[in-house]
Each structure stands twice: as structure tokens, then as C-alpha cells.
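Please read it alongside the sequence and the structure shown here.

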Amino acid sequence: MSFNYDTEAKKLAPIFDFIIDAIEKYPPEGWTPQNISQTLKFNREMKEDILQPAAEFRNEKSLKITKRNILNMFQEGTGKYVEYFWEQVEKNGMSEEVVRVHPIESILKKGKISNAAELEIAQGYLKGGKVDAVLSEYIEKFEQKKKGRKA
């Protein structure tokens with residue numbers, strides 16, 4: 001089946017509505033009213049941009065990049081706004097279009113932390129008391145490896 005930009009963009013567009021709704025109903029902890037306002041504005045603009053893109057962005061690659069970028073905070077974040085967002089995805093039958101990835105599961109499956117982003121995710125889970133001693137061991141090994149490179 002060939003790629004049809006308009007069809008795929010229309011499938012992706014409701015995700016922006018879910019993001020906006022989630023942040024309005026459950027503002028992320030620690031965000032200022034200015035952070036919230038800017039994020040809402042950005043997501044409204046992004047929705048319009050994918051529905052009416054400049055010619056050079058009217059392609060499959062651009063749409064995939066946009067999708068990955070906008071989902072980042074919901075793949076890696078925690079909180080009521082994240083859970084609400086995923087509830088809306090499920091409730092609106094978009095689970096196949098928008099797949100939730102649990103980055104901590106990837107780390108545990110690999111048995112190691114590969115980079116600074118994964119270290120940050122692991123530390124966040126650890127601080128939240130969500131993961132056991134196995135993750136602590138991975139953090140320690142990663143930090144030792146990092147120290148070895150600097151020595």
C-alpha cells in the first residue's frame with residue numbers, strides 16, 4: 001500500500017488534541033503557567049502544520065519524525081497527564097497508531113544502561129521507588145564505565 005500524506009496526517013492529528021486536553025486537565029508538576037501556555041500553543045501549531053505542511057515536509061519521513069518527537073514526553077514521562085493521555089489514546093481506538101513504549105522495560109531487557117538518556121530514565125524510576133535492586137546495579141555499572149573513560 002502506498003503512503004498517502006493526507007490520510008496519515010489525519011490519523012495523527014487527534015494526538016495533538018489528546019496532548020492539549022491532558023495538559024489542560026492535569027498540568028505537569030512543576031510547570032509554570034507560561035510553560036503550560038507555550039506547550040499548548042506549540043501543540044496547536046504542530047497540529048496545523050501536519051494538516052497543512054510546507055511542500056518540503058509533506059512526506060512520510062517528516063510525519064514519522066513529528067510523531068516520534070511529540071510522543072517523547074508521553075513515552076518517558078510519568079504523572080496524571082501522561083496516564084490521561086494514554087487513556088485517551090486507548091479510548092479513541094488509536095492504540096495501533098500510537099504504541100506506548102516503556103523505556104525502563106528496554107533497559108531491563110538489555111540488562112544494561114547504554115547512554116545518558118537511559119541513565120536519567122533509570123534514576124527517575126529508582127527515585128520513584130518503582131524498580132528494584134537490579135536497576136541500581138545497572139546504574140552503578142554505567143557510572144563506573146563512565147568514570148573509567150574519564151580516567
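The model is a predicted one.

**Overall chain**
- The secondary structure consists of seven helices and zero strands.
- Taken along the principal axes, the C-alpha atoms fill a box of roughly 50 × 35 × 30 Å.
- The chain has 151 residues, and 34% of them count as buried.
- Of the contacts between residues at least 6 apart in sequence, 63% join residues at least 24 apart.

**Helix α3**
- Helix α3 covers residues 60-76, which is 17 residues; at 1.5 Å a residue it should span 24 Å, and its end C-alpha atoms are 24 Å apart, so the two values agree.
- The helix bends by about 35° at isoleucine 70, and Ile70 is also among its buried residues.
- At the N-terminal end, asparagine 59 caps α3, with a side-chain oxygen 3.2 Å from the backbone nitrogen of lysine 61.

**Two residues of α3**
- Serine 62 lies in α3 and counts as buried because its relative accessibility is 17%, where the cut-off for buried is under 20%.
- Apart from neighbours within four places in sequence, serine 62 is in contact with Glu56 and Phe57.
- Lysine 67 also lies in helix α3; its relative accessibility is 22%, so it counts as partly exposed.
- Lysine 67 is in contact with Leu12 and Glu97, leaving aside neighbours within four places in sequence.
- For lysine 67 and leucine 12, the separation is 55 residues in sequence and 7.5 Å in space, C-alpha to C-alpha.

**Second largest pocket**
- The second largest pocket holds about 220 Å³ of space.
- Its lining is made up of Tyr26, Pro27, Pro28, Glu29, Trp31, Met73, Glu76, Gly77, Thr78, Gly79, Lys80 and Tyr81.
- Helices α3 and α4 are the elements that give two or more residues to this lining.

- Glycine 30 sits in the loop between α1 and α2; it counts as exposed because its relative accessibility is 71%, and exposed means over 50%.
- Glycine 30 is 25 residues from tyrosine 5 in sequence, and their C-alpha atoms are 37 Å apart.
- Threonine 39 is placed in helix α2 and, at 16% relative accessibility, counts as buried.
- Not counting residues up to four places away in sequence, threonine 39 touches Ile23 and Trp31; Trp31 is also one of the residues lining the second largest pocket.

How values were computed
Residues numbered from 1 in each chain as written. Predicted model: local features only at pLDDT ≥ 70, side-chain atom pairs only at ≥ 80, totals over all residues. Heavy atoms only, no water. Helix = DSSP H or I, 4+ residues; strand = E, 2+ residues; numbered from the N terminus. Expected span 1.5 Å × (residues − 1). Bend = angle between axes of the 7 residues up to and from the residue. Buried < 20%, exposed > 50% of the residue type's maximum accessible area, 1.4 Å probe, protein only. Polar contact = N/O pair within 3.5 Å; in protein donor to acceptor, adjacent residues only side chain to side chain. 1 Å grid on protein atoms, 1.4 Å probe; cavity = no way out; pocket = protein on both sides within 12 Å on 5 of 7 lines; lining within 4 Å. Points joined across faces, edges and corners; volume = space filled by probe spheres on them. Contact = heavy atoms within 4.5 Å.
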